[in-house]
Each structure stands twice: as structure tokens, then as C-alpha cells.
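Trainee: Hey, could you walk me through the charged pairs in this one? I'm new to it.
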Amino acid sequence: MEDVVQRLIQCIDEHIHDYQKQWQQQREIWHTIASANEKNEVAKALVALASSYGVESRIHAQPHNGIYGAWGEQAAPVVFIYVPVRQPGKKYLAILATWLVAIASYQKVLGTLPIQIHYILVNGDKASGQQLADLYSQAQPQTHNHLGCIWYSEESIRASPPLFALGCKGILDVELRARTATEPLASTHGAVVPNALWRLAWAINALKNAQEEILIPGFYDDVQPEADQQIAVLHTLPMCLQQYIQAQGIAQPLLGLQGFQFHYAHLLLPTCSISGLEEDGTAEEPRKLPAQAQVHVHFHLVSQQDPDDIYRKLQTYLQQQGFSDIGIQKNMARLPRQTPRHEPFIQAMQESCCRVYGAQNYVVPLSAGSYPIESIAPGKNIPIVFDLSTFNPYGEDSPEQTAAMTTQIKQIAVLLYKMQSLAKK
């Protein structure tokens, strides 16, 4: 086995500069894919691109919200890759290119690819479950053997060695609404009439304290501790996550968290956040009291927490706190999901990383975000790993970028080789 892996790696080293030249010659194709508004143009360009690497390519579906395509022979076992499409930005182009080069290298050394790669491109920063369900139902891939899925996360943390997560948090998104009158009133009546914004502010204040503890009774009851092995990796993580947050102009994380405590809170604790505070029509008349106000509350959930259970506890708690007048609307509910580390697909992913990057690569229990992974091959419960790292080989040429691109291609090629044994089972 090691001999074959070495041949794959050597093939990539020998041809990497040829592939770089090929990318330069394909600027027109890449420009079409990156900028075209018509998905027919994008689909044709993607097929042409794969063909230039000698990779069989098909487009299964292209509804208004994305493209579902495939590389490799039909009826072979499937590995999914989910790629968010942002505009502007070419991260997803880099991901597609590295996979195509890895497949081409595999075929040079070992011949026919033993699996299919189904890629899912979804427009926008985040896909909804309905978007993915539409794509999958229209594509209807003819296979019953789903080996796994690599989800290139929208979190886009720059990390080397790579950073992977075995799952993602769940989510409960609700809207709280306060209505105190039929129309805004003059603020001169503030001593005798209720204010919708105040009602909402008091209700929100009851949800969480200044130490970031969520105050809903029973909220933490179902939180299960991670295994010691899962937690131990948090001690060794680089500070790329913290650097990413600080790059957004935030001087310090909440509560001054650093190192292990920062990673533990970020990846393994549930959250309660608010956004989109609005009130009715007093922006143009700021001296009036709002009659209506609403706010979104987002709970990111971990381990065994059930969003429907949290929703019921939230309803009960607000009533007990004297906020029975606050309306609650559930907008989204999604369970947490985590793939066991012992799954063969996860083992193959980690072994391929160890072979290329060395012993130091990072696998954490959960990503910080929540994603509609149940819509990929619904009902199949396939293993999913989240790639939280990113690089872009389409910026300025540099030795660092060439090295990053080359190692990721090698890792994918080794993974493809390891998929042979899984495909035969």
C-alpha cells in the first residue's frame, strides 16, 4: 500500500507545475464559472473543465439555487462534496480544481476511479435544507452505496495543518414578538402606556446573564460531555479560530477566553444570541413609543439537545417570568449531528491527512455552525466530515500557496486510494 501511495505523491510532485500552467491557460473557463449568471453556462464550463483533466463528468440537476454534478463512472459508490458558492470569491473554484487534479493523478497511476464524486454547488453563503433537498431530489443519483460526505464549511478558518470537525451543532431559531398597542403613541404617554421595545428587552434579558449562562430551566439537562480523547485535542489546537475572530475587529473574545477555554466554549458549548431587533415605524418619528417589536433569538445546540424540547422550555419559562404576552414563532429547528470517529470514512480521511501532513492534523468534535446535512442523501445517515480550513491558489503566486495547493491535492489523492477498500464492501 505504501508503495502505491508513494507513487501517487511522486506523480503529483512531477506534474504540479504542468497543472499550474494548465490553470493559467484555463482562465477563460474559470472566469465563466466564477462570473456567469446563467447556470447553463456554468454547467457547460464545469463539464469542459473536467474533460480537460480526462475526468468523466455529468450534470444531474441545476435548479435555480445550485448545481448537482458528478465525476466518475455511474453506479459506482459515491462520495459527496458540498461546496458553498460565494460571489465574489473563488474558494469553491480552488476546491473543485484540487479534486480534479487529484482525480487526474489517481487515474495516471491507478487507472479507473473506483468511486463517483458528487459535487453540490449551492448559491449563497449558507444553503437551506430545502435548497439541498431540491437538488438531491432532482438529481436522484442511482446508487445505494454512500461512502461519506466532505462538507466544505462556510466558516472558512484559515488553518494549516487542516482542521476538520466530526459534526455540527443543532439550531433553534425563534422570533419573539411584543405588541402593546395598535399603533405608535407619543412618548409623552410613557408613564401610563406599555412600550413594546421595553417588553421585548425585559424578556430578552431573562434569557442569559452576563457570564453567558443561559437561564432557561433545564436548558443544559441533555448536554453530554465529550470523551476525553475529543476534549484533549482542544489543548493542541492552534489559535487560528481566535485569530479569525479578532480579524473581524473584535479586540477580545467574550469573558477574555484564551487557549483551551476559548476552543471549548466555541466548539462545545451551546449558545444564545439575538439579532434583527426591529420595531414598527418609529424610526422616522423617534419620539413615539413603538406598538410592536420583534427580535430573532438563535440557540446553537450541542450533543443530545433537542431543539423542539428547548422550544417548549422557552415557552414555559417566558410564561413563568410574566411574559405570556410575548409571542414566539419557531422559524428553524435542526438537531445536532456528529459522526463517530471510528467510522471507516472518518478513519480514511484522518489517515490520508496523517500521511501527507504528518501526525499533526486536527479533528474536533463539532463545528461552531449548524448546517442542513440531513438533506444530503436523506434517510441514509452517511458519515460527514466538515473541512473548516481553506486556501485559495488563485491569488498571487507564492511558494506558500503552491505548497498548500500541492499538499491538499496529495491528501485528496491518498483519500481516493483509501476509498478503494470501502467501495468494495
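Predicted model: local features only at pLDDT ≥ 70, side-chain atom pairs only at ≥ 80, totals over all residues.

Trainee: OK, how many salt bridges are found in the whole structure?
Mentor: Searching the whole structure gives nine salt bridges. One of them pairs Arg355 with Glu2, and their closest N and O atoms are 2.7 Å apart.

Trainee: Which parts does that pair of Arg355 and Glu2 tie together?
Mentor: Arg355 sits in helix α11 (residues 344-357) and Glu2 in helix α1 (residues 2-25), so the bridge links parts that are 353 residues apart in sequence.

Trainee: Switching topic, what does Lys330 pair with?
Mentor: Lys330 makes a salt bridge with Asp308, at 2.8 Å from N to O. Lys330 is in strand β13 (residues 327-334) and Asp308 in helix α10 (residues 307-320), so this pair joins parts 22 residues apart in sequence. Lys330 is partly exposed at 35%, and Asp308 is partly exposed at 32%.

Trainee: What about Asp309, where's its partner?
Mentor: Asp309 bridges to Lys313, with the closest N and O atoms 3.0 Å apart. Both are in helix α10, four residues apart, which means about one helical turn separates them.

Trainee: Are those two buried or exposed?
Mentor: Asp309 and Lys313 are both buried.

Conventions
Residues numbered from 1 in each chain as written. Heavy atoms only, no water. Salt bridge = Lys/Arg side-chain N within 4 Å of Asp/Glu carboxyl O. Helix = DSSP H or I, 4+ residues; strand = E, 2+ residues; numbered from the N terminus. Buried < 20%, exposed > 50% of the residue type's maximum accessible area, 1.4 Å probe, protein only.
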